[in-house]
Amino acid sequence: MTVLPHVHDTGSGPALVFLHAFPLDASQWDHQVAAFSDRYRCLRPDAFGCGESPAPPPSLSLSAIADGVLTALDRLGVSEFALVGLSMGGYTAFPLLQHAAARVRALVLSNTRPGADSDQARADRLAMADRVRRDGLEVIVESMAAKLLAPRSLAEFHISDPVRGRIRRCTPEGVAACQEAMASRPDSTPLLASMSIPTLVVAGSEDVVTPIAEAEAMVSAIPSARMEVIEGAGHLSNLERWDLFNAALKSFLDVAYPAP
Ligand code: MLT
């Protein structure tokens, strides 16, 4: 039987599917659930081995993760949805679009990129996978928090401690499997020119993982895209500057889902 992710499901209305970053879980979207679940059904899958999802199946790929999300949505009776993917969630959005573009009414690609890894980045991911399997998650908590968050967010414990907590709550196998899946992802850049879904590209002004230049390149390659820069945010723009992120998401969704 196919292993499916756990999907947190809050609110009612048009479906919004949120795909979280690495190495976190669906609680990354708590600020968006608070703001949008009065008008939208907010669906948030946890990565395998993280949050409430089961352990990852062997040889996990982003394409298999996308299929698992689509099957889980089918079981929840969700056919059409807006898709919001941040970083790893954005990487997963690309195979999901290849498998089911007709189901996606609007798309947000946040702090992410379409390209595959360089050889060095791939080797670094596989080294981290080995390390967490051998030594556990604590060895990556501080370095990942410092990489994901802008310095100001890192110094704000109400922002950075929940990020540390989310990393610690993942399992080593879940983190290793996500790294292996990201390391083997193909280049999705060739898809961009044919994308016609209304798309919002979001960048953090202080994101060192996916700098603004990558978002600018992506927005110029997608005919139906526009861009928002979240000032003061690092890589986790939706939880570092949730106020600005939510305002950008609201104005985008207001066009895709006009009030009756
Ligand atoms: C993420 O936030 O999902 C990761 O930092 C992405 C990556 O490692 O490329």
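Let's start at Ser 87: an N or O atom in its side chain sits 2.9 Å from an oxygen atom of the ligand, which makes a polar contact (a pair of N or O atoms within 3.5 Å). Arg 125 also reaches the ligand through its side chain, with an N or O atom 2.7 Å from a ligand oxygen. Met 88 uses a backbone N or O atom instead, 2.9 Å from an oxygen of the ligand. The protein buries 96% of the 270 Å² that the ligand exposes when taken alone, with areas from the Shrake-Rupley method and a 1.4 Å probe.

A quick word on the source: this is a predicted model, where local features need pLDDT of at least 70, side-chain atom pairs count only at pLDDT 80 or more, and totals for chains, interfaces and linings use all residues. Residues are numbered from 1 along each chain as its sequence is written, and side-chain values use heavy atoms, leaving out hydrogens and water.

Now, salt bridges: a side-chain nitrogen of Lys or Arg within 4 Å of a carboxyl oxygen of Asp or Glu. The structure holds 18 of them. One joins Asp 9 to Arg 41, with the closest N and O atoms 2.7 Å apart. Asp 9 is in strand β1 and Arg 41 in strand β3, so this pair ties together parts 32 residues apart in sequence; strands here are DSSP runs (E, at least two residues).

What about Arg 164 and Asp 161? Their closest N and O atoms are 2.8 Å apart. Arg 164 is buried at 9% relative accessible area, while Asp 161 is partly exposed at 41%; buried means under 20%, exposed over 50%, and partly exposed in between.

Technical notes: Polar contact = N/O pair within 3.5 Å; in protein donor to acceptor, adjacent residues only side chain to side chain. Helix = DSSP H or I, 4+ residues; strand = E, 2+ residues; numbered from the N terminus. Buried < 20%, exposed > 50% of the residue type's maximum accessible area, 1.4 Å probe, protein only.
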